Amino acid sequence: MKEIIEKAWDDRSLLEQAATQQAIREAVEELDKGRLRIAQKIDGQWQVNEWLKKAVLMYFPICKLQVMEAGPLEWHDKMALKHGYDQLGVRVVPQAVARYGAYLAPGVVMMPSYVNIGAYVDSGTMVDTWATVGSCAQVGKNVHLSGGVGLGGVLEPVQAAPVIIEDNCFIGSRCIVVEGALIEEEAVLGANTVITGSTKIIDVTGSEPVEYKGRVPARSVVIPGSYTRHYPAGDYNVPCALIIGKRKESTDKKTSLNAALRDFGVEG
């Protein structure tokens, strides 16, 4: 399957062949069932399965537009939706939508929200109201994606890591995580925090600032901040993210976001 997909990626004329289309469909089915995933942690490092990203990208051209209906509602798209949530052990509240090719583990709760193809959402995770999980984003166990959270999809370039949220993280209301940023386990992002591949993430807990980019260290408690940057037209405040402490061992992993932030005198 991998060999066929790699060959078709280099020669798109092969997409016309039944064997190629079958291999692509099988790969997407494996993603849908969680038997394969776009990225996985091996020996402590996240590795991207580029060939599966290629399969997702080539799935679109081999699918036909079709009309889908649910009562008076109508859609016109190439991608089917997931079905059989009761057998999957997933709670899905109207109007939540997950596309076929996204994996939802048993115990996931989807409030009215959206999960795109290639995404992986592990057990016990809450995808709260109007949260979006983009293509290929990887979300760990017991994560809370609060209302309005946006996890970006990273399909291209195929070698780029997707957005990754590790186990037991709290992602506060209206947070944005994009461009393949990594939020390590048990981290807490306060409301409206934006993490991109180039966002300055500054640990201000010591005597000197420590700067990260593209990665929030494990157990960090993060809030939005700004720093002054000089431009030809003058000095202006530029957004950043501030690490204001580490999550305490006494803070229950299942406690509320506000309780985790309150340890550091910050409300969510």
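In the predicted model, Ala98 stands opposite Val115 of strand 9. This pair belongs to the neighbouring strands 6 and 9, the latter spanning residues 114-115, which pair in the parallel sense over 2 bridges. Both strands are part of an open sheet of 6 strands, arranged in the order 6-9-12-15-18-21 with parallel pairing. In general, the strands of a sheet pair through backbone hydrogen bonds, in either a parallel or an antiparallel manner.

Helical packing was examined for helix 2 (residues 18-33) and helix 3 (residues 50-62), which pack at an angle of about 115 degrees with their axes 9 Å apart. The crossing of helix 2 past helix 3 is left-handed. Helix 2 contributes Gln21, Ile24, Arg25, Ala27, Val28 and Leu31 to the contact, while helix 3 contributes Trp51, Leu52, Ala55, Val56, Met58, Tyr59 and Ile62. Classified by residue type, this contact of helix 2 with helix 3 comprises 11 nonpolar, 1 polar and 1 charged residues.

A further site concerns Arg219, which is located in the loop between strand 24 (215-216) and strand 25 (220-231). The relative accessible area of Arg219 is 19%; because buried means under 20%, this residue is classed as buried. When neighbours within four places in sequence are left aside, Arg219 is in contact with Glu185, Glu186 and Ala187, and also with Gly245, Lys246, Arg247, Lys248 and Glu249.

Note on methods:
Residues numbered from 1 in each chain as written. Predicted model: local features only at pLDDT ≥ 70, side-chain atom pairs only at ≥ 80, totals over all residues. Heavy atoms only, no water. Axes fitted to C-alpha atoms, helices over the stretch in contact; angles between N-to-C directions. Helix = DSSP H or I, 4+ residues; strand = E, 2+ residues; numbered from the N terminus. Left-handed = near helix turned anticlockwise from the far one by under 90°. Contact = heavy atoms within 4.5 Å. Nonpolar A, V, L, I, M, F, W, Y, C, P; charged D, E, K, R; others polar. Pairing = 2+ DSSP bridges. Buried < 20%, exposed > 50% of the residue type's maximum accessible area, 1.4 Å probe, protein only.
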